[in-house]
Amino acid sequence: MSEVTIIGGGITGVALAYELAKRGYEVTVLERRFIGSGSTFRCGTGIRQQFGDEANIQVMKRSVELWKKYSEDFGFPFTQSGYLFLLYSEEEIEDFKNNIKLQNKFGVPTRLITPEEAKEIVPLLNIEDVLAASWNPTDGKADPFKATMAFAREAKELGAKIYEYTEVKDIVVENGEIKGVKTNKGFFSTGTVVNATNAWAKLINAMAEVPITIPIEPYKHQAIITQPMKSGQINPMVISFKHRDAYLTQTAHGGIVGGVGLEEHGYDLTPTYEFLKEVTKQFIQIIPALKDLRILRVWAGFYAKTPDSNPAIGRINEIDEYYIVAGFSGHGFMMAPVVAEGVADLITKGKTNLPFWWYDPYRFERGELRSKAIQMG
Amino acid sequence: MINLDKIDPEKTFICGCDVTLKDILDVLDEGITDLEIIKRLTRVGMGFCQGRYCIVTAAQVISAKTGKDMKEIKLPTSRIPIKPVKIKVIANE
């Protein structure tokens with residue numbers, strides 16, 4: 001018997017297991033393949049506070065504090081190397097000025113800089129046509145493999161049980177009360193289920209017969225990594241909406257990782273030549289020197305998208321006790337530490353001080369969509 | 001099968017990308033035995049050869065240390081491109 005059973009062993013699931021175990025709860029994580037295999041290990045590694053609404057800015061500011069704390073406590077790589085948004089039109093600049101004002105209000109030190117200043121930060125940048133850039137040096141990136149495995153390790157040390165290659169087949173609910181979870185490895189008795197399966201959330205919601213509509217759909221997004229080049233050349237995450245929502249940065253190992261926003265609805269994960277053509281075309285316009293680098297790998301992962309690109313986080317009142325923590329729309333990795341903290345408080349105390357009302361899973365049913373979260377890739 | 005006791009783990013390179021036998025053994029010592037995860041923590045199989053030369057060696061090390069049959073060790077997915085190719089070649093520059 002476990003007090004809380006988390007379905008989904010991505011970073012959200014294992015970080016939540018850590019936070020609950022720390023609060024003295026008996027926790028079990030069920031993962032269909034291996035830890036991180038769903039979407040976490042396929043992510044673009046970026047962590048940013050540059051959002052366009054009050055809730056996401058505050059939530060991500062706390063997340064960055066936690067990234068900093070846990071990377072030091074657990075010993076995994078996290079660097080505050082910044083996010084640099086390249087802006088190419090007066091309209092874009094106006095939008096970003098509003099975002100910056102909002103970010104500054106909550107203590108995120110973003111500022112508008114000139115193309116020349118941007119080039120000082122990333123000397124390889126092509127600044128022709130760049131009118132300005134939005135720069136926040138406190139955004140960053142982390143190693144998704146080491147970070148996720150560190151949370152898993154710490155959770156286990158505090159007594160959490162993590163079962164890999166364990167696929168959930170059904171959720172047993174009697175008279176509105178959760179009794180347990182059926183898997184290919186047997187029955188897990190539990191009173192509380194957390195759906196942390198992100199791209200697969202609708203399948204788990206269906207098993208629990210969640211009576212409200214929570215639209216979360218999988219979209220294939222692809223990424224590339226190149227051979228390593230000399231370290232320190234592209235430290236920040238560089239973003240250009242003009243170049244098909246491109247993002248790119250240099251990893252700790254020296255390779256350039258990134259992608260463009262070419263998405264496809266459904267559960268297929270096959271990399272495509274179409275993407276490879278598009279990403280290479282866009283990348284060399286942003287940084288021409290990339291043209292001589294060799295591509296090592298192309299892979300795909302899912303954005304689990306909601307209609308407003310904000311996640312669905314909260315308790316489902318009709319089922320005792322069922323929580324949805326999914327639909328991160330490409331932001332699951334960066335949000336994981338703060339989501340884990342907030343959801344652990346929701347489960348143990350019934351409330352959180354973070355503005356999680358923004359992610360209310362009932363908003364779709366009520367037709368109260370949020371402003372769309374800023375998204376790229 | 002490799003006799004791991006007869007070689008120096010720090011001086012033995014599993015792959016051409018600076019991954020040593022010690023790197024693999026250190027992860028195994030933490031209780032992590034899944035090649036998929038060992039690959040991502042040590043970066044074996046993630047360099048220029050795309051795993052062609054090193055991934056089976058890594059699997060053999062896992063087999064030798066854990067007693068797992070080689071047949072039970074699933075190799076990670078092969079990714080395109082089959083050989084590393086320059087960005088400008090794809091972009092037609």
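This is a predicted model: local features need pLDDT of at least 70, side-chain atom pairs count only at pLDDT 80 or more; totals for chains, interfaces and linings use all residues.
Two salt bridges turn up across the interface of chain A and chain B, a salt bridge being a side-chain nitrogen of Lys or Arg within 4 Å of a carboxyl oxygen of Asp or Glu. B:Lys88 pairs with A:Asp292 in a salt bridge, with 2.7 Å between the closest N and O atoms.

Residues are numbered from 1 along each chain as its sequence is written, chains are lettered from A and ligands numbered from 1 in the order written, and side-chain values use heavy atoms, leaving out hydrogens and water.

Back to the interface: 32 residues of chain A are in contact with 24 residues of chain B (contact means heavy atoms within 4.5 Å). About 2,800 Å² is buried between the two chains, with carbon and sulfur atoms giving 65% of that; buried area here is the accessible area (1.4 Å probe) lost on putting the two parts together, summed over both. In chain A, the residues losing the most area to chain B are A:Arg294, A:Leu296 and A:Arg297, together 22% of what that side buries.

On a 1 Å grid over the protein atoms alone, a cavity is a set of points where a 1.4 Å probe fits but cannot get out, and a pocket is an open set with protein on both sides within 12 Å along at least five of seven lines; lining residues have an atom within 4 Å of a point. Points are joined across faces, edges and corners, and a volume is the space filled by probe spheres set on them. One cavity of 30 Å³ or more is found.

| Space | Volume | Residues, among the lining |
|---|---|---|
| Largest cavity | about 40 Å³ | A:Arg33, A:Phe34, B:Glu36, B:Arg79 |
| Second largest pocket | about 500 Å³ | A:Thr45, A:His253, B:Arg43 |

Both chains contribute to the second largest pocket: β4 (78–79), β8 (140–142), α5 and β18 of chain A, plus α2 (35–42) of chain B, each give two or more residues to its lining.

Terms used. Helices (H or I, at least four residues) and strands (E, at least two) are DSSP runs, numbered from the N terminus.
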